[in-house]
Amino acid sequence: MSATISHRAAIAAPNQALFPAAAERQQIDDYLTRELARAQERVASGSVTPTLDMEALRADLTSFDFASPRPLPELLDWAIPMLEHGVVHLTHPRYFGLFNPAPSFPAQCADRIVGSFNPQVASSATSPAAVALEAHVIRMVGLRAGFPAQCGGHFTSGGSEANYTALLCALTRAHPQFASDGARAFSGPPVFYTSQECHRSWVKIAHQAGIGRSAARLVATDGTGRMAPAALAAAIKADREGGCVPVLIVASAGTTNAGMIDPLTDCAELAQQNGLWYHVDAAWGGAMIASKKLRGVLAGLERADSATIDAHKWFATTMGCGMFLVRDGKAPSAVFQVAASYMPSHEVSVDPYMNSAQWSRRFLGLRLFLSLAAAGWDGQAAHIERAVAQTARIREGLERRGWLIVNDSPLAVLTVVPPAGHGEPRAIVDRVLKSGRAWVSLTHFETRDVIRICVTHGETSEADLSILLDALTQVQP
Ligand SMILES: Cc1ncc(COP(=O)(O)O)c(C=O)c1O
C-alpha cells in the first residue's frame with residue numbers, strides 16, 4: 001500500500017540536523033574555523049605521512065550505520081582527527097610530492113564562499129555573474145599564455161578532463177561526421193601522438209573517447225625525457241602509410257615524472273605541416289606563464305590549438321580545478337552543443353553546459369580569481385620563482401653529498417639517485433616515508449628508478465630543505 005500525505009496534515013519543520021538555526025550554525029562555524037586552524041598547526045609540526053591505525057578506523061566506520069543521528073559537533077571532532085592522522089599532508093611544508101599543492105588562502109576563502117552560495121554554473125541564466133567571472137579568468141590566462149584575442153576555454157575538474165576535451169576537439173575538427181558517427185566516421189583508425197613520458201591520463205582518454213587505448217601513440221623520447229621530433233615525424237608517416245588517421249599531437253610542458261618540456265616549437269611545426277590539432281599538456285608547468293623571468297622555457301606554447309593548465313597544481317588552488325584553454329573559443333561548442341528544453345538558457349557562445357563535458361558545475365573559477373587578484377601576476381610569479389630557487393638549493397645540497405641529478409628540468413622537480421653504496425631509491429623512499437619527516441616518491445624515469453622531489457608548498461623554509469636532505473641522506477634528527 002502506498003503512503004499518502006494528507007493535504008490537511010501539517011508540513012514538518014525543516015530537519016534541524018541538516019538545516020540548523022542561524023545561531024547554532026554560527027557557533028559551529030566558529031568552532032570549526034578555530035579547530036581547523038589548530039589542526040593545521042599540528043600538521044605542520046607533525047608527520048607528513050598517515051599515522052592512523054587503519055584497522056581501528058575500519059572498525060569505527062562499521063559503527064556508522066546511519067540508523068541513529070549523532071550531534072554534528074561530535075562528528076566534527078571525529079572528522080578532523082580522521083584527516084589529521086589519516087592522509088598524506090599536502091599542507092605539510094615537507095610534502096615534496098606529485099604536483100599537488102598546499103592550497104593558497106584566497107582559494108580556500110573562495111571554497112567557503114562558493115560552498116555557502118552553491119551556485120549552479122551550468123547555465124548563464126542561473127549564474128550570470130559566475131559564468132562571466134570564469135570566462136574572464138580563462139581569457140586572462142589564455143592571453144598570458146600567448147593565445148589570440150578570440151581564445152576561450154573553461155574550468156575543468158582537473159588536467160585529465162582538460163586533456164579529454166582536447167582529444168574530443170581534435171577528433172571533431174578532423175572529421176565533420178565524428179559528432180554523429182564517432183570513430184566510424186574515419187576512413188581508418190584515428191590515432192594521436194604524445195611521448196612515452198606523457199601523463200597516463202592520455203591512455204585512459206583514448207579509451208573513454210572510444211578510439212581505443214592503442215590509438216595513443218607513445219612516441220620515443222630523446223634519452224633526456226623529451227619527445228624526439230624525428231621519432232614523432234616517423235610515427236605520423238608510418239601511420240598514414242598504414243591507413244590510420246592522425247588527428248592530434250600532444251606535447252608535454254612539464255612531464256609528470258621529471259618536469260621535462262617537449263620541443264614545443266618542433267611539435268607545433270609538425271602539427272602544422274600535417275594539419276593536426278596541437279595540444280600542450282602544461283598541467284603543472286603552465287603556471288610558469290606567470291613569471292616574466294622564467295616563462296621563456298614555454299616558448300611554442302602560444303602556437304598550440306589548446307592547452308591544459310591546472311589551477312590546482314602550481315597556481316595552488318584547492319582541488320579539483322583544471323583549465324582547458326583554446327585558441328578558438330568557439331571550438332568546444334562543436335563538441336558539446338546540445339538542445340535541452342528544461343535548461344533556463346540556450347546561449348551557445350556562453351553557456352558552460354554547451355561548451356564543456358560537465359553539466360552541473362561547481363563555481364571553480366573564483367579560486368583562481370581571488371588568488372590572482374590578491375597576489376597579482378607578480379605575486380604568482382614570486383611563488384613560482386621561489387619554488388624554482390628552492391629546487392636549485394636541494395640540487396646543490398644533494399650534489400655536494402655525491403648524489404646524481406638525473407633530469408635537467410628548468411622547473412621545480414628533481415629526479416635523483418644516491419651515490420653507490422647508499423641503498424636503492426625504493427628503499428630510501430620507504431625509509432623517508434616511514435620517518436614521516438618528508439614525502440618524496442619513487443618513479444621510473446627513462447632507464448632507471450629514481451627518487452622524485454617536487455617543491456609544491458609555498459611556505460617551505462630553508463630549515464625544511466635541510467630536514468629533507470638529512471632524511472634522504474639518513475642524518476638522524
Ligand atoms: C602533465 C600532466 N597532465 C595531466 C595530469 C592530470 O591532471 P589531474 O590529476 O588534475 O587530472 C597531470 C597530473 O599530474 C600531469 O602531470
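Helix α6 (residues 159–174) supplies three residues to the shell around the ligand, the largest share. Helices are DSSP runs of H or I with at least four residues, strands are runs of E with at least two, and both are numbered from the N terminus. The model is predicted: local features need pLDDT of at least 70, side-chain atom pairs count only at pLDDT 80 or more, and totals for chains, interfaces and linings use all residues. Residues are numbered from 1 along each chain as its sequence is written, and side-chain values use heavy atoms, with hydrogens and water left out.

The shell around the ligand holds 13 residues. Gly-159, Ser-160, Thr-256, Asp-281 and His-312 come nearest. By class, two shell residues are nonpolar, eight are polar and three are charged. Here Ala, Val, Leu, Ile, Met, Phe, Trp, Tyr, Cys and Pro count as nonpolar, Asp, Glu, Lys and Arg as charged, and the others, Gly among them, as polar.

Polar contacts are pairs of N or O atoms within 3.5 Å; within protein, one atom must be able to donate a hydrogen and the other to accept it, and residues adjacent in sequence count only if both atoms are side-chain atoms. A polar backbone atom of Gly-159 lies 2.8 Å from an oxygen atom of the ligand. His-312 places a polar side-chain atom 2.8 Å from a ligand oxygen atom. For Lys-313, the corresponding side-chain distance to an oxygen atom of the ligand is 2.9 Å. The ligand taken alone exposes 390 Å², and the protein buries 85% of that. Accessible areas come from the Shrake-Rupley method with a 1.4 Å probe; for residues, only the protein chains shown count as cover.

Seven strands form an open sheet in the order β1-β7-β6-β5-β4-β2-β3, with mixed pairing. Two strands pair if DSSP finds at least two bridges between them. β1 (152–156) and β3 (216–219) are the edge strands, and each pairs on one side only. From one strand to the next, the twist averages 20 degrees. Axes are lines fitted to C-alpha atoms, for helices over the stretch in contact, and angles run from 0 to 180 degrees between N-to-C directions. Helix α8 (residues 201–208) packs on this sheet and touches β2 (190–195), β3, β4 (245–252) and β5 (277–281). Its direction makes about 170 degrees with that of β2. Contact means heavy atoms within 4.5 Å.

Strands β6 (residues 306–308) and β7 (residues 322–326) pair in the antiparallel sense over three bridges. Thr-308 stands opposite Phe-324 in β7. The loop between β6 and β7 contains Gly-320. The peptide bond from Met-319 to Gly-320 is cis, with omega near -15 degrees. Most peptide bonds are trans.

A second open sheet has four strands in the order β8-β9-β11-β10, with antiparallel pairing. β8 (404–405) and β10 (441–445) stand at the edges with a single partner strand each, so one side of each is left without a neighbour in the sheet. β8 and β9 (residues 413–417) run antiparallel and are joined by two bridges. Ile-405 stands opposite Val-416 in β9. Helix α12 (residues 365–400) packs on the sheet and touches β8, β9 and β11 (448–454). The direction of α12 makes about 10 degrees with that of β9.

Gln-358 lies in the loop between α11 (331–336) and α12. Beyond its neighbours within four places in sequence, Gln-358 is in contact with Thr-156, Ser-157, Glu-161, Pro-352 and Tyr-353. The side chains of Gln-358 and Glu-161 are joined by a polar contact of 2.7 Å.

Note on methods. Near = heavy atom within 4 Å.
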